[in-house]
Amino acid sequence: MLVATCGRVLRQLRSDPRSIALILVVPALLLAVVYFLYENETLPPGAPRTFDRVGLMMLAIFPFVVMFLVTSITMLRERTSGTLERLLTTPIHKADLLFGYALAFSLMAALQACVATAIAYWTFDLAIEGSPGLVVMVAVVNAVLGVALGLLCSAFARTEFQAVQFMPVVVVPQILLCGLFVARDDMNEILEAVSGVLPLTYSVDALFEIAGNSEPTAQLWSDIAVIGAVIVAVLLLASLTLRRRTS
């Protein structure tokens, strides 16, 4: 059932070129914008480029944002069109259904991460200590986090506009407090405490670990484990929003 659900969602995406473009093309274009923002910066000899730091973070943030948006809207369409309710009248288990959606979008997220990372390294010469494979891994995990949160938030929206309205509530605070703009140690105590419970913070920490170390560190695996635990918890919580019948 899980594989069948995954295949159905992938077939739907294949017939929707706009969603495919949003998943695969938009993150790469946004990364190009970030690169050209810093293209003419003046640096002392041997100093690292700003793009090497900011661009690396964007490889995790852009997939998170895009997959949250695509997943929440797609799942909302399934709910409002009655497709989800019809599926739930079959013997399919709710967990199989939900994890099937997550698997389908996760496969697209992996492809997205590979495309964006390849462009960052081969086109924009991203230079960090760690391996590209680890960057792709974090980008994929972060995209899956966006998928899980999108599946959960779709349950509380009635229209696509309402689904988009969750972005400033769920997505933007995580971007502001993840440590990209201001180091967490420099935040006041309340904001630092809030950032400590936001999963995107651990994604950024993981990328900082990759940027500064040629080999994987214990802190990196710890950050990945935290994000993985959050993903599973959110998906299980989202399964509680599935109903066999519409109220």
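Colleague: Let's start with helix α2. Which residues are exposed on the other side of α2?

Modeller: Pro17 and Arg18 are the exposed ones there. Keep in mind as we go that this is a predicted model.

Colleague: And which residues of α2 are buried?

Modeller: The helix covers residues 17–24, and its buried residues are Ser19, Ile23 and Leu24. Looking down the axis of α2, you find these buried residues within an arc of 115 degrees, so they line one face of the helix. Pro17 and Arg18 sit on the other side, exposed.

Colleague: Okay, on to rings. How do I read an aromatic pair?

Modeller: You describe a pair of aromatic rings by the distance of the centres and the angle of the planes. In this structure, a search of the whole model turns up 5 aromatic pairs. One of them is Tyr35 with Phe36, at 5.2 Å centre to centre and with 75 degrees between the planes, which is edge-to-face.

Colleague: Is Tyr35 buried or exposed?

Modeller: Tyr35 counts as buried, because its relative accessibility is 18% and the cut-off for buried is under 20%.

Colleague: What about Phe51 and Phe124: how are their rings arranged?

Modeller: Their centres are 5.9 Å apart and their planes stand at 80 degrees, so this pair is edge-to-face. Phe51 belongs to helix α4 (residues 50–80), while Phe124 is in the loop between α6 (94–122) and α7 (132–153), so the pair ties together parts that are 73 residues apart in sequence. Phe51 is buried at 2% relative accessibility, and Phe124 is buried at 6%.

Colleague: Which residues form one aromatic cluster?

Modeller: Tyr35, Phe36, Phe51 and Phe124 form it.

Colleague: Now charges. How many salt bridges does the structure hold?

Modeller: There are 2. Arg49 is partly exposed at 24% relative accessibility, whereas Asp52 is buried at 9%.

Colleague: And what does Asp205 form a salt bridge with?

Modeller: Its partner is Arg184, and here the closest N and O atoms are 3.9 Å apart. Asp205 lies in helix α11 (residues 199–212) and Arg184 in the loop between α9 and α10, so this pair ties together parts that are 21 residues apart in sequence. Asp205 has a relative accessible area of 23% and is partly exposed; Arg184 is also partly exposed, with 23% relative accessibility.

How values were computed:
Residues are numbered from 1 along each chain as its sequence is written. This is a predicted model: local features need pLDDT of at least 70, side-chain atom pairs count only at pLDDT 80 or more; totals for chains, interfaces and linings use all residues. Side-chain values use heavy atoms; hydrogens and water are left out. Buried means under 20% relative accessible area, exposed over 50%, partly exposed in between (1.4 Å probe, protein chains only). Helices (H or I, at least four residues) and strands (E, at least two) are DSSP runs, numbered from the N terminus. The arc is that of the directions from the helix axis to the C-beta atoms. Rings of Phe, Tyr and Trp (its six-membered ring) pair if their centres lie within 6.5 Å; planes under 30 degrees apart count as stacked, over 60 as edge-to-face and the rest as tilted. A salt bridge is a side-chain nitrogen of Lys or Arg within 4 Å of a carboxyl oxygen of Asp or Glu.
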